[in-house]
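Here are my notes on this one, written as numbered points. Have the picture open while you read them.

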Amino acid sequence: MHNPRPGLPEFDYVRPASLSEASRFLAEHQGEARPFMGGTDTFVRMRDGFWKEKYIVDVKRLDGMGDITFDPSTGLTIGAAVNMNRVIDSPEVQEHYPLLAEAAKTVASFQLRSRATIVGNICNASPAGDTIGACIVMGGVLKVHGLDGEREVPLTGFFVGPGKTVLKPGDIVTAIRFPVLPQGHAGRYIKLGRNALSDLAIVGVTAFAYPDDTPSGYRFKLALASVAPVPLVPEKAEEILTGKPITDETIAEAAQAAMDACNPIDDVRGSARYRKYMVRNLTRRAVTDVLNRLQ
Amino acid sequence: MDVRTMTKKYVGQRITRNEDPRLLTGQALFTDDVHLPGMLHAAFLRSDYAHARIKRIDTSKALERPGVVAVYTAADMGDFWKPGPLLVPPPTAVPGAVFHKRTQIPLAKDKVRHMGEPIAVVIAESRYIAEDALEDIEVEFEPLPAVVGLEEALSPDAALVHDDLESNLAAHVIQEKGNYEEAKAKADVILQRRIVVDRGAAAAMENRGVVVNWDDKAQELTVWDTTQAPIPLRNGLAAMLGLSEHQVRVIAPFVGGGFGPKIMMFQPEEVLLPWASMRLKRPIKWIEDRRENFLATTQERGQIHDVEIALTKDGRILGLKDVFIHDTGAYDPYGMTVPLNTQCHAVGAYDIANYYTEVKMVFTNKMIVTPVRGAGRPQGIFVIERMLDLAAKELGLSPIEIRKRNFIPPDKFPYEHNIIDQAFAPLIFDSGNYPAVLEKAAAMINYEYFVKEEQPRLRAEGKHVGIGIVSFIETTGVGPYEGARITVGASGKVNVVTGVGTQGQGHFTSFAQIVADQLGVDVRDVHVVTGDTAQFHWGTGTFASRGAVVAGNAIHAAAVKVRAKILQWGSKLLDVPEEELELADGKVRVADMPEKAISLGELAVIANPLRGTVEPGTEPGLEATDYFGPQYGATANGAHAMILEVDPETMMVEIKKYVAVEDCGTVLNPLILEGQIQGGLSMGLGNAYYEKLEYDNNGQLLNASLMDYLLVRSTDMPKQIELGHEETKSPLNPIGSKGVGEAGAIPVPSLFAQALENALADYNLEITEMPLSPNKLYEMVYKK
């Protein structure tokens, strides 16, 4: 009679021996099984009664899931089960993809980052996900194992709505791959919560740039968190920063374009109006910081 | 030399806490640690509606679920169903006062009056089954319009929270000292403002919890409860259940934070489960979850004030008028303690001859309001400190200067206010030196230097830095009384029992210090027991910053008696006059010949002989019981100051430096005092910039989780906190102490407001509302 998991609905814990077995199991139990990594979202949502999966499919020990590999010619691959603290501490990440470490450091607390993963942050598909922007602007591509074997899925178009992605039943994201980044790149993630640390982002601005043969001399990439149903790329703002010589006015114009592009909601954590102004102010700040880092 | 006045050894010292080894190693017993054989688990069906009629309840499906033992609704309770008692008397001491008693009920019968109000309880073999069974219960509701806003509650077309009343007016109290209108006629400056303070949660880390066990063979009920008031709870339960007080034992074990809501008694859960345990003859456990804590644990703060202050052109207050509405929520079991405290604190630390204060208390469809750390005081202090700041701006005075011109002077104590306080006694401030406290805070924050040198330099660098300094008073240590029994054992160790409960205040140490000094023993050899009615059964509880004052002095009184017994025995056995003895190192000894001594353990055995005869009138053992009840409450005071920096693009705030100067009379243990101040400060900061319970127009609490309701974390605390002390001993008790449990929380919103206005001086900001948030402040500043 004693419930070993008070507060959680009853479920079975499944640990398949291979990716194929895992994909098959997930496809066969569509709607009642979920792949499981760090559990930082899964258990919270189950405890709150939003998710009522019968099966939790532990895929974190499968081949390659726990690896970080870097190759100077092909780039970085982070296995789906690599926790954020490992990403933050990785010398390769720090040297070649520092934006990812900067973004990961803003997620929740140290304790939580020992369980939470980058791929989990992406698959959870919260518009507030702190690391998603960095993955988008650095051209991250997901490696997905499905019923038909391995394929790659770019992050562009991956997010469909809050908590919704293009993944199909049986799909398991095994890793995220980043290309070798252009010489001289720089990035910045600014998270705004309601307190100094650990709140969810009410606005997050990711900015990334590298020298290029453009009117501004740079190619700019931006991503916004918590201001639309999905992580948002304000393309017009990117174009302004790339297409015009960089001046204070250009930065202000781009920041305004980012603000105009977003469509946040009012909720208990922040008003839509505040969020929009914060997008403007923090885009200006993030872009300015990137420009300082580029020099 | 009178050896009885030997120098203090422990009181006033930074003694590390006796209880910490147990707490830090997980050995301390909390309510949820109680596991009994055959124990059942309870879960409560709570209303999703803030206001609705209950048309029908069907529990039959829940009863069919395997593992469900019982399901109770109001209809099953028979005569046991009745509204709880009024915990605080009505304000009849005030002429013309109106008060409508509508106390909480164990389970909603015809109507629900707030979201989270319990409707049914399921008792099952596990909490898991009990929770599942809640979903089997069918309730048909007829939703009613929710009464949410305080002014709206009083509108003639508002829905009625209590159908049998003509309106939602719960109480109306007018108090006046002097004559405000006459004072106003003589004033050079009159300022009027609307001041709003909204609700927050106490959010103790340990939620509420109850474990009950009816032993049918012994005919005894044991209740482990996270209560701040074990003895009154025991007495009330015995009366309700038709038992003798000796058949009911209430134990308040270690409790992870009280902060007020746990003084609220006869909560539905703690009334129902003993009744159910007696019927089922099995132990039952209920541990509140965090969502329940948000919905069904009492809250505080909501008030709207219309304030008017009249001053001379040199900044002297001639009079103050404060007309306010106080939200009591769906019921008013705690009487008018909170709004009366507000009335008594809106005069602040100032000599105000003419004061008119009028409160309308209203029922709303929100959780019940009872004291939360501060208990109406922060609202009163916010009112007066804000009005003084605005007057200072108007008159071109510094915040320090206007306060100094209005303080009650040190030679004017005891200072009588001619209004009634929360204990229905005349409000009297016993002692204090308010200017000295403010000056100390100003010196510690380096006020003059900051304003003249540092701030202009930082502003020139484009930084929005601001400074604030405020004063406050805190009425503390109210009666009626507490008691204690102290026993020296054969091992020489000392046992102290008192009736108050403990929720982290360090009682096991500060009380031990008082006793150790009297009896000359090591503070580690004093074992303190609190909150177990089987050990001590007289007293009221831990509330109103009164533990150290009232229980502390009761313990002191009992210790003095035990000391006298020891000296008497010592004198007899060592054959020297009492005056030549001293108590030290766990012995009574001759002061000039320390080797001539008897240990207290030996003495305890001698004082409790097994054979032979005793002299007539002899009490056995080295034991004494005594009580203490103050004439009236001691009033503590303090001044807080801070320097903060605002990012005007986001309105995120960083507190660079925080100074708190306290005068709580005799300091028992500076380490514990600092913990109290810092903890209170974190709650005060929450009330200023982080924590606000958001109810929508339907009375739905929108942020009932720790993800959405933002508690202050260590990373939001000031980078630097400096504490200073002044000691003006209270003449009202032998120790000379005043309470400090709530002090840290009280001045923070007013201080925060002043510092924000100062930091954002170029935005001409006026803050008359709390809590704020970066979001809200941004919208205030850029409203155009």
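**Notes on the model**

1. Start with two helices in chain B. From α6(B), the residues B:Leu233, B:Leu237, B:Met240 and B:Leu241 meet B:Glu270, B:Val271, B:Pro274, B:Trp275 and B:Met278 of α7(B). Sorted by type, the residues of this contact are eight nonpolar, no polar and one charged. Two residues count as in contact if their C-beta atoms, placed from the backbone, lie within 7 Å. Nonpolar covers Ala, Val, Leu, Ile, Met, Phe, Trp, Tyr, Cys and Pro; charged covers Asp, Glu, Lys and Arg; the others, Gly among them, are polar.

2. A word on ground rules. This is a predicted model, where local features need pLDDT of at least 70 and side-chain atom pairs count only at pLDDT 80 or more, while totals for chains, interfaces and linings use all residues. Residues are numbered from 1 along each chain as its sequence is written, and chains are lettered from A and ligands numbered from 1 in the order in which they are written.

3. Back to that helix pair. The axes of α6 (residues 230-241) and α7 (residues 268-280) of chain B come within 11 Å and cross at roughly 50°. Axes here are lines fitted to C-alpha atoms, for helices over the stretch in contact, with angles from 0 to 180 degrees between N-to-C directions. α6(B) and α7(B) are therefore oblique to each other; under 35 degrees is roughly parallel, over 145 roughly antiparallel, 65 to 115 roughly perpendicular, and the rest oblique. Helices (H or I, at least four residues) and strands (E, at least two) are DSSP runs, numbered from the N terminus.

4. How many residues does each chain put into the contact between chains A and B? Chain A gives 20 residues and chain B gives 21 residues. On the chain A side, helix α11 (residues 272-294) gives the most, with five residues. That side of chain A divides into nine nonpolar, seven polar and four charged.

5. Now look at a sheet in chain A. This open sheet has three strands in the order β11-β12-β13, with antiparallel pairing. β11 (186-192) and β13 (218-225) of chain A are at the edges with a single partner strand each, so one side of each has no neighbour in the sheet. β11(A) pairs with β12 (residues 203-211) of chain A over seven bridges; pairing takes at least two bridges found by DSSP. A:Lys191 stands opposite A:Gly204 in β12(A). Helix α11(A) packs on the sheet, touching β11, β12 and β13 of chain A, and its direction makes about 30° with that of β12(A).
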